[in-house]
Amino acid sequence: MLLLKKNLLYWLLLSAILVKTVYCVPTAAVTEADDENDSEWDEDEESSEADDDGRVYKNPRNSPSTECPRDEEQATLLGQKCLRKCSSDEDCKSKKKKCLCDGACGMSCIKPDRECPDLSQPSLGSVTLSGKHFGSRATYTCPHGYHVVGLQSRLCQADGSWAGSEPVCKQNIYCLEPPTIEHARHSALPEQATFDLDSTVQYHCHTGYATAGFPRAKCLAVDGQASWYGPDISCEPRSCGQPPDPAHGWHAGESYTFGGKVTYHCGEGYELVGRAERYCQADGSWTPKELPTCVPQPAAD
């Protein structure tokens with residue numbers, strides 16, 4: 001009988017150990033997996049908060065930064081891929097990531113220890129690295145009598161690539177900054193001041209403006225002088241068209257393009273119901289969409 005009790009106690013103790021092992025071990029594994037499987041790239045997510053720039057954010061913390069704003073159009077022109085946007089470390093799912101400024105991509109969830117690839121030494125001149133992690137800088141120099149044509153330094157970006165392309169060392173002929181076009185931007189990095197022959201830059205009109213003409217410029221040498229040829233482009237504000245008038249009313253203002261405003265008024269004996277002002281938006285539509293109405297004024301007692 002005593003032996004039977006000892007065996008029963010042994011099996012109860014063994015069962016308790018197995019249960020604890022089964023229920024405790026996976027919890028840590030799942031936590032670690034969640035940390036590793038956090039998506040790095042910016043993705044469309046269900047959101048409940050809209051900000052003034054028209055984009056929708058997951059929560060109020062994810063509002064755009066004024067010190068390091070996200071400019072996705074410029075990032076696309078520069079060939080930079082943006083990571084998940086954020087405004088604090090709490091917005092990043094992984095504990096390994098920090099909310100840091102990533103140039104045109106703005107505040108993003110970044111792994112500070114992400115490395116950029118090794119850079120080979122140029123055929124003429126040299127490159128010196130301050131490191132290979134995010135934020136590190138590669139600085140290019142040329143021998144005496146030559147100039148760095150292109151970016152003198154390149155940053156290690158959050159997507160694991162070096163910004164821009166490798167510069168070259170040239171003696172004399174190169175182009176300076178590309179032409180400035182009103183209401184447009186181009187695909188060169190802002191800090192690049194010199195460009196090699198045959199370099200091209202692509203122009204893109206700002207939001208709310210339509211591109212007309214040839215949007216490309218190229219650095220060419222003619223008679224020993226380097227100069228930009230192109231672009232032949234103009235950026236015209238998008239038109240919303242003449243807005244309709246409500247019955248018994250009219251509008252004041254004749255600017256029907258992006259940024260324009262009209263104000264509505266009613267005839268004698270009528271009063272305005274709705275918004276008196278409407279604005280022409282970047283997509284060529286009037287806001288608010290609803291046209292105000294003019295209703296008869298109530299009779300005086």
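**Ground rules**

I'm working from a predicted model, where local features need pLDDT of at least 70 and side-chain atom pairs count only at pLDDT 80 or more, while totals for chains, interfaces and linings use all residues. Residues are numbered from 1 along each chain as its sequence is written, and side-chain values use heavy atoms, with hydrogens and water left out.

**Entry: disulfides**

I searched the whole structure and got ten disulfides. I looked up three of them.

I began with Cys-86 and Cys-99, whose sulfurs are 2.1 Å apart. The angle about the S-S bond is 100°, and the link is right-handed. This pair connects distant parts of the chain: Cys-86 is in the loop between α2 (72–78) and β3 (98–101), Cys-99 is in strand β3, and 13 residues separate them. Helices (H or I, at least four residues) and strands (E, at least two) are DSSP runs, numbered from the N terminus. I then asked about burial, where buried means under 20% relative accessible area, exposed over 50%, and partly exposed in between (1.4 Å probe, protein chains only). Cys-86 has 6% relative accessibility, so I file it as buried. Cys-99 is buried too, at 9%.

Next I took Cys-205 and Cys-235, joined with an S to S distance of 2.0 Å. This link is left-handed, with -85° about the S-S bond. Again distant parts of the chain are linked: Cys-205 sits in strand β11 (residues 200–205) and Cys-235 in strand β15 (residues 232–237), 30 residues apart. Cys-205 is buried at 3% relative accessible area, and Cys-235 is buried at 8%.

I noted -90° about the S-S bond and a left-handed link. Cys-266 belongs to strand β17 (residues 261–266) and Cys-294 to strand β21 (residues 293–296), so to speak a bridge between distant parts of the chain, 28 residues apart. Both ends are buried: Cys-266 has a relative accessible area of 17%, and Cys-294 comes out at 9%.

**Entry: aromatic pairs**

Rings of Phe, Tyr and Trp (its six-membered ring) pair if their centres lie within 6.5 Å; planes under 30 degrees apart count as stacked, over 60 as edge-to-face and the rest as tilted. My search of the whole structure turned up three aromatic pairs. In one of them, Phe-195 and Trp-228 have ring centres 5.2 Å apart and planes at 70°, so I call it edge-to-face. Phe-195 is in the loop between β10 (184–186) and β11, while Trp-228 is in strand β14 (residues 225–229), so the pair ties together parts 33 residues apart in sequence. Phe-195 and Trp-228 are both buried.

I also checked Tyr-256 and Trp-286, which are edge-to-face, at 6.4 Å centre to centre and 75° between the planes. Tyr-256 lies in the loop between β16 (249–252) and β17, and Trp-286 in strand β20 (residues 286–287), so parts 30 residues apart in sequence are tied together. Trp-286 is buried at 8% relative accessible area.

**Entry: the nonpolar core**

A nonpolar core is a set of buried Ala, Val, Leu, Ile, Met, Phe, Trp, Tyr and Cys residues joined through side-chain atoms within 4.5 Å. Which residues have the most contacts inside the largest one? I found 14 residues in that core, and the ones with the most contacts are Phe-195, Val-201, Tyr-203, Trp-228, Ile-233 and Cys-235. β11, β13 (216–222) and β15 each supply at least two residues of the core. β11 gives the most, with three.

I followed up Tyr-203, taking contact as heavy atoms within 4.5 Å. Not counting residues up to four places away in sequence, Tyr-203 touches several residues, including Pro-178, Arg-185, His-186 and Ile-233.

**Entry: two single residues**

I looked at Gln-192, which is in the loop between β10 and β11. Is Gln-192 buried or exposed? Its relative accessibility is 16%, so Gln-192 counts as buried. Leaving out residues up to four places away in sequence, Gln-192 touches Gly-150, Leu-151 and Glu-177.

Then I turned to Pro-296, in strand β21. At 57% relative accessibility, Pro-296 counts as exposed. Setting aside neighbours within four places in sequence, I see Pro-296 in contact with Gly-269 and Tyr-270.

Notes:
Disulfide = S-S within 2.5 Å.
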